[in-house]
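These are my notebook entries on one protein chain, written down in the order in which I looked things up. I begin with the overall build and then turn to charged pairs and the surface.

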Amino acid sequence: MDGILYLWLLWGIWVYTTFLMRKTHPERFRYSFLCLLLLCVFPYGMMVGPVEVSFPVIVLALICIVYIRNLSLREKLYMLVAVLSMGMLYAGIALISIYDPVLMFIDRDIILSLSLVLVGVLFYSLSTQYRLRLIAVALSSVIGDFFLSIPLNKVGFYYSIGGPAYLDVLALTIGLLSALKIVGELNQAVHIKTQTNKGEMKNL
């Protein structure tokens, strides 16, 4: 079923932010509210001219825009380059998978997700830039799906922007980014612990 990864990811994040995250966390209510909002609008969409656009994509785009507007001009320009690059990469791989699926040696969704993760890490490589990386990947996937819809609708294929299949790719991408962040934090914690133990041995 298309969209199941998206639903499971949001439910998992909502459960964590609602029941496991400490109540004094400043972002707790915002994360829980956004997860519920994205879950509630999942089955709905609207027509924009001849194209149907899903509500989750609209909400995601608005969230990204609200965050980006607080960045400096230099950061906005860098984000623009990153988003357009990843968006064109997303649309290019998706078009190749449609026109010549033989080239897809593994599952299309996995290739799209790994490509977005790899390029996102290249643009925002520092661990402190995780939120910027997440925003860039989310917004670029929205723009990439829009780029993909243009040629498909022109040749007569009906394509809904932000459909369940796209949301699964986005969920898989965010899951991979989160896994990378967790692995990085564990590696940093182990490194700090090792350095502390070495210092204690020297004191002895």
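I looked up the elements of the chain and found seven helices and two strands, where helices (H or I, at least four residues) and strands (E, at least two) are DSSP runs numbered from the N terminus. Read from the N terminus on, the elements run α-α-β-β-α-α-α-α-α.

Before going further I noted that this is a predicted model, in which local features need pLDDT of at least 70 and side-chain atom pairs count only at pLDDT 80 or more, while totals for chains, interfaces and linings use all residues. I also noted that residues are numbered from 1 along each chain as its sequence is written, and that side-chain values use heavy atoms, with hydrogens and water left out.

Next I looked at the overall extent: the C-alpha trace spans about 75 × 40 × 40 Å along its principal axes. Of the 204 residues in the chain, 37% are buried, a word I use for under 20% relative accessible area, with exposed for over 50% and partly exposed for what lies in between (1.4 Å probe, protein chains only).

Then I searched the whole structure for salt bridges and found three, each being a side-chain nitrogen of Lys or Arg within 4 Å of a carboxyl oxygen of Asp or Glu. I reminded myself that side chains of opposite charge can pair when their charged atoms come close.

- I found R30 and E27 joined by their side chains at 3.2 Å, N to O, and E27 counts as buried because its relative accessibility is 16%.
- I found D109 and R108 joined at 3.1 Å, N to O; D109 is partly exposed at 22% relative accessibility, and R108 is partly exposed with a relative accessible area of 23%.
- I found K181 and E185 with their closest N and O atoms 3.0 Å apart; both lie in helix 7 (residues 164-203), four residues apart, which is about one turn of the helix. K181 is partly exposed at 30% relative accessibility, and E185 is partly exposed at 43%.

Last, I looked for nonpolar residues on the surface, and I noted a patch formed by L73, L77, L80, L84 and M88, with about 500 Å² of accessible area together. Such a patch is made of residues with over 30% relative accessible area and no salt bridge, like charges being joined within 9 Å and nonpolar side chains (Val, Leu, Ile, Met, Phe, Trp, Tyr) within 5 Å; the areas come from the Shrake-Rupley method with a 1.4 Å probe, and for residues only the protein chains shown count as cover. L73 lies in helix 4 (residues 73-99) and counts as exposed because its relative accessible area is 63%.
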